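Please look at it before reading on.

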Amino acid sequence: MSEPLLQVKDLNQHFKVSRTFTVKAVNGVSFDIYPGETYGLVGESGSGKTTIGRSIIRLYNPTSGSVIFNGREISGKLDRDTEGMLRRDMQMIFQDPMSSLNPRKKVADIIGEGLDIHKRHANAAERDAAIGEMLDKVGLSKSHAERYPHQFSGGQRQRVGIARALIMNPKLIIADECISALDVSIQAQVVNLMKDIQEETGCAYLFIAHDLSMVKYISDRIGVLHLGYMVETGTAEEIFANPIHPYTKSLLSAVPFPNPELEKRRHPLAYDRKAEGVDYAAGTEHTIEGTHKVLATDAELARWTT
Amino acid sequence: MEMKNERTILQINDLDISFKTNAGVIHAIRGVNIDLQKGETVAIVGESGSGKSVTMKAAVGLLDANATVNSGEILYRYVDDAGKETIVDLLKMPKKQLRNTINGSHIAMVFQDPMTSLDPTMTIGKQIMEGILLHKKVDKQAAAARALELLELVGITHAEARMKNYPHQLSGGMRQRVVIAIALASDPDILICDEPTTALDVTIQARILELIKEIQARLKLSVIYITHDLGVVAKVADYVNVMYAGKIIEVGNVNEIFYEPKHPYTWGLLAAMPDLETDDDRLMSIPGSPPNLLHEPKGDAFAARNPFALAIDEKVAPPMFKVSETHYAATWLLHPDAPKVEMPQELQARIARALKDVEEYL
């Protein structure tokens, strides 16, 4: 395999709320993303999946651990050159397109902001051409450039969000719940668009979502998070065909299938970490096979695999 | 006032509602018919803006001030305080009377976001007691005892201590349980759940749905679910109404809708959602976006997004064609003269797979 595009090693992200209380949002999370692949992060709300995305792109300053992107360390203090590289080559698509687009700016200026900041164009005509081309690519028309975000529907707004991320021609796009706010029929359109773009530009995605069937569909590899720990990671097939960790199992059992005869008979598995006495902090990473890894102590692993 | 049969508890006939806005009149509900039988669960599925919430809000008198009911009736059969069975039209009832006699005590509603439907300044015990004291002639002690009983019914542990908690001290799933307890406080006949689990995690969602099912069986409730999640529908519903642009475009029992859908929109909805075995390169998606009902479409509202649209779709809206006793769909494709159109390959494969799974499981 080639060099990973992004290497996250032992990432910790803690937030000090008061003198006596610190929220440990992310604890010792490690994973790699290779060029052109899609890595899915799943977990319930509060599991730290969004925090990981935001720590990587440096909306937060990681407490400890290392993040290597494009062969450069980006978790510590950033020098000018590295920051420029990071802001160009890594982009983010946010969950709610309405609150992530400036309502007072025209779509052309929202999409073109990155170009302006990084001085990626020689003159105004070149800039407008680039924006027009990008609008085409995400399925909007050039005439949309002069409109404001409120004049679009939800799905179209998310396309603007995607166009804004893509115009810098990034190597990695962090998609944070970017389809959860959309209707089912629109979700499929946006997912197809993201897949097409990946095929064309070869960018990698960090796809953060709570909808497991969508994550399974779009991702090559998946990481399952719970309470800030990465409890299980592996290829989509490995995780879904052979889940080891009881949390993963309970998560999979809770996904409703669009199959009424079966769904009415299925009952979700309960998972109570305290009752089962699972201690995440004591667990170490165990390799099951290939890239399939589980966080567990030796005793726990023995119990789960028998 | 007549109802279709003895067991019908709620019957919506030809409901038609429009909203006056600054931009013009929005014709949001365009002739909706829904039946609910006693003890059964009906789901209303649709995208945002399809009018699914508005329909049920009309039934409980919660329509916004700019709404006008152009026509239609919502018949409701219940046993009144005197013990006599009566049928009323909820749309004709004065609002005050509706509040005093029907809402809460006979028809209760659970909303999407438990944080905004609870009062943050009141303990949850008080909030549950509020409804009991209002609707039943009981004293405070009895109401408190009943509130405790309800908290236990919805699966909240240490109920006694929880009574004194405020909503912010509870997790999302716990809060939604409290909302359900409040809805159940005065023994309603009908529970309307408007996206009850959309704001919750899948693991919590599964538990809340199981809880509602269990309570429904125990208390013989009739339940209406409003949702956009077909997985949820598969889990809970007996009958499904698929709604698009203010109309019911397909109705049937849950197996008919999932295994033999007839309307292209239902095909699109089912195919757009990947199941755990989907490995096609592309998801089948419905092109375009829902119509703006400010400009009411001529003919079939779905025609513009429908790859199977016929010439007539642009001119005349299709009536409901009968497929079976319980299954109806509003698409010209079911007309005897229409060309034969099969549902898309991907969906056929998916349904075959689903049926095979069922066989293996049984």
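What is the order of the strands in the open sheet of chain A? The eight strands of this open sheet follow the order β6-β7-β8-β3-β9-β10-β12-β11 (chain A), and their pairing is mixed. The model is predicted: local features need pLDDT of at least 70 and side-chain atom pairs count only at pLDDT 80 or more, while totals for chains, interfaces and linings use all residues. Residues are numbered from 1 along each chain as its sequence is written, and chains are lettered from A and ligands numbered from 1 in the order in which they are written.

**Sheet of chain A**

- The edge strands are β6 (90-93) and β11 (284-289) of chain A, each of which pairs on one side only; two strands pair if DSSP finds at least two bridges between them.
- From one strand to the next, the twist averages 20 degrees.
- Helix α6 (residues 154-166) of chain A packs on the sheet and touches β6 and β7 of chain A; its direction makes about 175 degrees with that of β6(A).
- Such angles run from 0 to 180 degrees between N-to-C directions, with axes fitted as lines to C-alpha atoms, for helices over the stretch in contact.
- Helices (H or I, at least four residues) and strands (E, at least two) are DSSP runs, numbered from the N terminus.
- Strands β7 (residues 172-176) and β8 (residues 204-208) of chain A pair in the parallel sense over five bridges, and Ala175(A) stands opposite Phe207(A) in β8(A).

**Sheet of chain B**

- An open sheet of eight strands in chain B has the order β6-β7-β8-β3-β9-β10-β12-β11, with mixed pairing.
- β6 and β11 (321-322) of chain B stand at the edges with a single partner strand each, so one side of each has no neighbour in the sheet.

**Strand β9 of chain B**

- Strand β9 (residues 239-244) of chain B runs antiparallel to strand β10 (residues 247-253) of chain B, and six bridges join them.
- Within this pair, Tyr244(B) stands opposite Lys247(B), and Tyr239(B) has Asn253(B) as its bridge partner.
- The hairpin of β9(B) and β10(B) has two residues between the strands, and Ala245(B) takes a positive phi near 50 degrees there.
- Strand β3 (residues 41-45) of chain B runs parallel to β9(B) and is joined to it by four bridges; Ala43(B) stands opposite Val240(B).
- Six of the six residues of β9(B) are buried, so the strand is largely enclosed by the rest of the structure.
- A residue is buried if 20 or more other C-beta atoms lie within 10 Å of its own, with C-beta atoms placed from the backbone.
- In a regular strand the side chains alternate between the two faces of the sheet.
- Tyr239(B), Asn241(B) and Met243(B) point one way from β9(B), whereas Val240(B), Val242(B) and Tyr244(B) point the other way.

**Helix α7 of chain B**

- Helix α7 (residues 172-184) of chain B has 13 residues, and eleven of these are buried.
- Among the buried residues are Met174(B), Val178(B) and Leu184(B).
- α7(B) lies across β6 and β7 of chain B, at about 170 degrees to β6(B).

**Contact between the chains**

- The contact takes 37 residues from chain A and 37 residues from chain B; two residues are in contact if their C-beta atoms, placed from the backbone, lie within 7 Å.
- On the side of chain A that touches chain B, α7(A) gives the most, with nine residues.

Definitions and conventions:
The expected span of a helix is 1.5 Å times one less than its number of residues. A residue is buried if 20 or more other C-beta atoms lie within 10 Å of its own, exposed if 12 or fewer, and partly exposed in between; C-beta atoms are placed from the backbone.
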